[in-house]
Structure formats: structure tokens, C-alpha cells
Amino acid sequence: MLRAALGGARLLLLARRGGSGAQRCLRGRQPQQRRAGSEAAAPPVPGSAAERRVGRWLLACSGAVAGAVVLGGVTRLTESGLSMVDWHLVREMKPPQTQQEWESEFQKYQQFPEFKILNHDMTLREFKFIWYMEYSHRMWGRVVGLAYVLPAVYFWRKGWLSHPMKGCVLALCGLVCFQGLLGWYMVKSGLEEKPDSHDIPRVSQYRLAAHLGSALVLYCASLWSGLSLLLPQHKLPETYQLLRLRRFAYGTTGLIFLTAVSGAFVAGLDAGLVYNSFPKMGERWIPDDLLSFSPVLKNIFENPTTVQFNHRILGITSVTAITALYLLSRKIPLPRRTKIAVASLMAVAYMQVGLGISTLLLYVPTPLAATHQSGSLALLTVALWLMNELRRVPK
């Protein structure tokens, strides 16, 4: 009986211990269930499929910006940028429909310096051409804005944007809005009366360069972000030769960007019509009126001769740097796609030089000049592609 009593006590003790163990097990499962519930309620983490969609969207946006840059260059070359003398975000989306509306629009244009000084014999039919050129540029700008903002809202709500990409997208959307305001600020400079000036009415070359520069920044940022999401990174060994090639590629791309912006000063001052000879400027390597303005620093941005001279020097320096970059890359074992990028950069650079010289010698015909401006964008595109190929693999 004593053994039976002891056995029963042991059974009760084991039952109590088992119960407390079960309670601890249940208590341990509750935090896991809470964590599982919180993980289920968390927003989806962007995956590779979402990144590809975002990357393709950014590439499409960069293409839209490129179209705006090309169209803006044609608008400038046809001297159409000052045909629309006011700016309304929604109201101007509908063009004039009746003869009376067109005559009213033409009368508004006649109140400004470009008509009074340069186009005083312009007909209504000629006015319609330059008006539609500027209208197309403005409407394309609105399309670019919608192409950034609407998909950005959609991707944000779907949870397809990583935390760093959210900041990038916000910056891009802010920059595209700033670009529209800067465009009107540029046009406004050409509508102002300048009684002390004997020059033909034109927009400020400073504002034109700022407008083009901000568009190129928007284009480069969109293209770089899209390529970074779509192109797989190469696992290149971090050798001294590769580090030097990468730095040289970065510097060359910056030089190409600077050359493109200097082209805005050439366009803004019609500096392409000053010396239409190459390689010399007239009969001299360095023209006599290179530093004719006072103070001397004023020549860099306001003297058409100096502006053309600087653009020539920057262009020659850029193609020399690209040639050196190509030769340097030949000494390093690179992936096939990277070699294609280097060779493409070399080919586009020499094509761009040929277009620039031809544009100069033929007195800036509009189709050739527009192709030369588009070529600068193509050259910058290939340079960014090469930079993306050479970017450092994150650890």
C-alpha cells in the first residue's frame, strides 16, 4: 500500500509538471503567432519582378524627357519659343479653334518685341506654324509630367518601391515640376522690352542653359536609376586598372555633360553663325575678338566668339578623352557587354564631331543642327551606360 501511495504521488507530481510545461509551450507560441500576424500585415517587400517594372517605367520616362529635349531644340532652331506669350497650366491645353480666336492670339503676339523687331511682316499662316511648334513642346512637357507622377503614385500604393527608391522618385517628380516652371521663366526673359539693347529679341542664354541643364539632370537620373534596376551588375575584380578606368569614365561623362550645356549658350547667342570655318576661326587659330568684352569674365557667357571657341575646345577635349578611355579599356579584361558600351561610346563620339563640324560649315541648317543636338544626348546616354557597367558591386 505504501508503494501504491508513493506511485500515486509521483503521478500527480508529473501531471502538474506536464501541465506547467504545456502552459509554457502555449505562452511561447503566442509571441510567435503575434509576430506571424504582424508579418502578414506588413506591406509587401519589392521583389525582382517589381523592380523590373519600376526600371522599365524609369527608362520610359527618360525616353520621354529625351523627346522633350529634342523637340525643345527644334523649337529653338525654328525661333518658335516666343510665339505663346502667356502660360496657363490647363487653359492653354486647348488650341484656338475659330478664325477669331487665332486673330486674337496673333494680336497678343504682336504686342511683344519679337514681332515688332524681327517678324513685323509675318502672316497669320506663318504665325500658326511657330505657335504649334511651341504648343507641341509645352504639351509634351505635360505628358512627361504625367508619365512621372501617375505611375509613381500607383507604384507607391502597390508597395513596389524600396525605401531608397521612394526618395529618388520624389526627387524626380519634384524636378519635373521645377522644369516646367523654369521653362516659363526662360520664355519670359524673351518677352521683356529692352530699350537699351540693339540685339534681336531672344531668351536669356543663362536661363536657356539652366533649362537644358535641369532637363539633362532629370534625364540622367532617370536613366541611371532604370539601368541600375534592370542590368545585372558584373562581379569585376577591384584592380588598380579597373579603378582608374572607372574614375576616367566618370570624369569623361562629366565633360560630355558640360559640353552639352555649353551648346545651350551657343544656341542662345546664335554663336554658330559667327565663324563658319574649321579648324581655324576665320584665318586665325585664336580670333582677335575672343576677349573683346569688358570685364574679361563676361566674354565666357556673353561673347558669341568666345562661346563658340569654348564649345569647340570642350568638344575636342571630350572626343580626346573618349579615345583615351577606349585605349585604356583595351588593356583590361572586361565583360562583353562593357566592351560593347566602350566601342559604342567611341563611335557615337566621332559621329557627333562630324555632325558638329558639318553644322558649322553649312551655316547651321535646322535639320542638321537638330541632329547634332540629338547626338549630344545620344553621347551622354552611352556614357551613362558605360558608367553603369563599371559601377562597384555592393558588398
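**Entry 1: overall build**

I count helices (H or I, at least four residues) and strands (E, at least two) as DSSP runs, numbered from the N terminus. On that basis I find 12 helices and zero strands in the protein. The model is a predicted one. Reading from the N terminus, I note the order α-α-α-α-α-α-α-α-α-α-α-α.

I then looked at burial and surface. Of 395 residues, 41% count as buried. The accessible surface comes to about 22,500 Å². Carbon and sulfur atoms hold 64% of that surface. I also checked contacts between residues at least 6 apart in sequence. Of these, 79% join residues at least 24 apart.

**Entry 2: helix α7**

How far apart are the end C-alpha atoms of helix α7? I get 37 Å. The helix covers residues 205-230, which is 26 residues. At 1.5 Å a residue it should span 38 Å, so the two values agree.

I looked at the N-terminal end of α7 next. S204 caps it. A side-chain oxygen of S204 lies 3.2 Å from the backbone nitrogen of Y206.

**Entry 3: cysteines**

How many disulfides are there? The count is zero. I took C61 as a test case. The closest cysteine sulfur to that of C61 is in C173, at 8.1 Å. A disulfide needs the two sulfur atoms within 2.5 Å, so this pair is too far apart for a bond. C61 is buried, at 1% relative accessible area. I also looked up C220, which is buried at 13%.

**Entry 4: L345**

I picked L345, in helix α11 (residues 336-361). Is L345 buried or exposed? It counts as buried, because its relative accessibility is 3% and the limit is under 20%.

I listed its contacts, leaving out residues up to four places away in sequence. L345 touches I256, I322, L325, L379, V382, A383 and L386. I also checked W385, which is 40 residues from L345 along the chain. The C-alpha atoms of L345 and W385 are separated by 9.2 Å.

**Entry 5: salt bridges**

I count 10 salt bridges.

D86 and K108 came up in my search. Their closest N and O atoms are 3.1 Å apart. D86 sits in the loop between α2 (48-77) and α3 (99-109), and K108 in helix α3, so the bridge ties together parts 22 residues apart in sequence. Both ends are partly exposed: D86 has a relative accessible area of 21%, and K108 has 30%.

Next I took K116 and E193, whose side chains meet at 3.5 Å, N to O. This pair links distant parts of the chain, 77 residues apart. K116 is in helix α4 (residues 113-118), while E193 is in the loop between α6 (163-190) and α7. K116 is partly exposed at 46%. E193 is exposed, at 52%.

Last, I looked at R202 and D270. Their side chains form a salt bridge of 2.9 Å, N to O. Which parts does this pair tie together? R202 lies in the loop between α6 and α7, and D270 in the loop between α8 (240-268) and α9 (298-302). Those parts are 68 residues apart in sequence. R202 is buried, with 13% relative accessible area. D270 is partly exposed at 25% relative accessibility. Salt bridges that share partners join R76, R202 and D270 into one network.

Conventions:
Residues numbered from 1 in each chain as written. Predicted model: local features only at pLDDT ≥ 70, side-chain atom pairs only at ≥ 80, totals over all residues. Heavy atoms only, no water. Buried < 20%, exposed > 50% of the residue type's maximum accessible area, 1.4 Å probe, protein only. Expected span 1.5 Å × (residues − 1). Polar contact = N/O pair within 3.5 Å; in protein donor to acceptor, adjacent residues only side chain to side chain. Contact = heavy atoms within 4.5 Å. Areas by Shrake-Rupley, 256 points an atom, 1.4 Å probe, with all protein chains shown as cover. Salt bridge = Lys/Arg side-chain N within 4 Å of Asp/Glu carboxyl O.
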